[in-house]
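Notebook open, model loaded. I want to look up pockets, salt bridges and ring contacts, and jot down what turns up.

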Amino acid sequence: MRAFARERRWDHTTTTLSVRTLTVLLRWIGAEMPIREADIRALRPLRRNLDKGTGNRAIAFLAAHDLLVPDPTTTASELWVTTHVDQYPDHFATEIHAWVQAMRGQGRRRRKPRSWKLIRNHLYAVRPLLNTWSTRHRSLRDVTEDQILDGVRQVTGSASYHRLLGLRSIFGILKAERILPSDPTRAVTNSRAVPLPTPLRDDQLRGLIERAEDPRAQLIVALVAVHALNVEEIRSLRMDLLDNHAGTLTVVRPRGRTRILYLDDLTQTLIGRWLRHRHAMWPASPNPHLLISSYGAHAANTPPQAALTITTTFRRLGLQSHRVRSDRILHEATTTEDPILLIRLFGITVPTAMHYLHAAHPAPIVRR
């Protein structure tokens, strides 16, 4: 392990903690058989000074020597869904499990598999209602249209809209799966007014990058404030898609689509500063993502930067990342009336481009 640490230029404290972690593991489990990754993670709450990064370094060492049994690949959204569904009484849990399986394309009717993130969003929106109904009813078939309407009206705005979407998904699919005799959400309507984007104040944006606390935070702010990347696009950035000579960075988007960023001088400077910092901190990290942390630098599954780190970066500046991104697109929309320019510059869809153009160039009021 010490030789492994020297090759990766870990500092003395990191090396000592990693050796200590390995020592505890071998005393506890032995070295005759490969060690389960779950056993290593189970040590964290039991050992002082054992954080995620230290555990990941032990995992990386064992994986390099074929002494690791990796955990099954489970996303955070999948784990959240299965954990919360299992908390319901048996009669409710069985029905919700059937909805989850159908959403994943494993129901009696053939459907396109939906992502665990979408399933989590639906379940999160309706969870307060399911918690209440599970104490009053033995089955979702006992839920009435009036209860659906009351549940949707408990919240307002976007929360009400997403709650009804989740309820329609659950009851509609269970009706199609012949688990429920009817769908009580069919007659419930709830329109949502989509607000036009509004610009941020000058004092909120002044010196935004300089106020960020470290090279990683400064680069994150620039990628949003200059290039209007969203959180998932920032997480997907990879080292091998950065071309310093051409001054471009390719962004991998959902469904295999890509977007090429043509880097300005400021962004190139911030990328260079971050890469020097990254190399000084984790010179031998195998993680292919551009942005990493101490947790993912030597993790065996090479995870991307956590979304929470990105949102927290803006929260510390008193802003939200999606508001900064929206302000950037809106600013560009004020200089043009061509939706094609916005689509090419930011990789957005036609309806989104038109939405920003309507906000930037409102139609004049005609007086009679």
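Predicted model: local features only at pLDDT ≥ 70, side-chain atom pairs only at ≥ 80, totals over all residues.

**Entry 1: the largest pocket**

I started with the lining of the largest pocket, and its residues split into 15 nonpolar, 14 polar and 15 charged. My classes: Ala, Val, Leu, Ile, Met, Phe, Trp, Tyr, Cys and Pro are nonpolar, Asp, Glu, Lys and Arg are charged, and the others, Gly among them, are polar.

Numbering runs from 1 along each chain as its sequence is written, and side-chain values use heavy atoms, with hydrogens and water left out.

Which residues of the lining lie nearest the centre of the largest pocket? I get T75, A76, S77, R235 and P304, out of 44 lining residues. The elements giving two or more residues to this lining are α3 (37-42), α5 (76-85), α7 (116-136), α13 and α15. Helices here are DSSP runs of H or I with at least four residues (strands: E, at least two), numbered from the N terminus.

The volume of the largest pocket is about 2100 Å³. I join grid points across faces, edges and corners, and the volume is the space filled by probe spheres set on the points.

**Entry 2: the second largest pocket**

The second largest pocket holds about 550 Å³ of space. I count 19 lining residues for it, with V231, T311, Q320, S321 and H322 nearest its centre. Helices α13, α15 and α16 each supply at least two lining residues. Which element gives the largest share? That is α16, with 5 residues. By class, this lining has 8 nonpolar, 7 polar and 4 charged residues.

**Entry 3: salt bridges**

My rule is a side-chain nitrogen of Lys or Arg within 4 Å of a carboxyl oxygen of Asp or Glu. How many salt bridges does that give? The count comes to 6.

I looked at E213 and R316, whose closest N and O atoms are 2.5 Å apart. E213 sits in the loop between α11 (208-211) and α12 (215-225), and R316 in the loop between α15 (307-315) and α16 (321-333), so this bridge ties together parts 103 residues apart in sequence. I checked accessibility with a 1.4 Å probe on protein chains only: buried is under 20% relative accessible area, exposed over 50%, partly exposed in between. E213 is exposed at 55%, and R316 is exposed at 58%.

R235 came up again, this time in a salt bridge with E232 at 3.3 Å, N to O. Both lie in helix α13 (residues 231-236), 3 residues apart, or about one turn of the helix. R235 is partly exposed at 21%, and E232 is partly exposed at 39%.

I also noted R328 and E332, bridged at 3.0 Å, N to O. They are 4 residues apart in helix α16, about one helical turn. Buried or exposed, this pair of R328 and E332? Both are buried.

**Entry 4: rings**

Searching the whole structure, I find 5 aromatic pairs. For these, rings of Phe, Tyr and Trp (its six-membered ring) need centres within 6.5 Å; planes under 30 degrees apart are stacked, over 60 edge-to-face, and the rest tilted.

W80 and Y124 make a tilted pair, 6.1 Å centre to centre with 55 degrees between the planes. This pair links distant parts of the chain, with W80 in helix α5 and Y124 in helix α7, 44 residues apart. W80 is buried at 14%, whereas Y124 is exposed at 54%.

Why do I call W133 and F171 edge-to-face? Their ring centres are 6.4 Å apart and their planes stand at 70 degrees, so the pair gets that label. W133 is in helix α7 and F171 in helix α9 (residues 157-176), 38 residues apart. W133 is buried at 4%, and F171 is buried at 1%.

Finally, F4, W10 and F61 form one aromatic cluster. R57 lies over the face of W10, 5.5 Å from the ring centre. My test for that contact is NZ of Lys or CZ of Arg within 6 Å of the ring centre and within 35 degrees of the ring normal.

Notes
1 Å grid on protein atoms, 1.4 Å probe; cavity = no way out; pocket = protein on both sides within 12 Å on 5 of 7 lines; lining within 4 Å.
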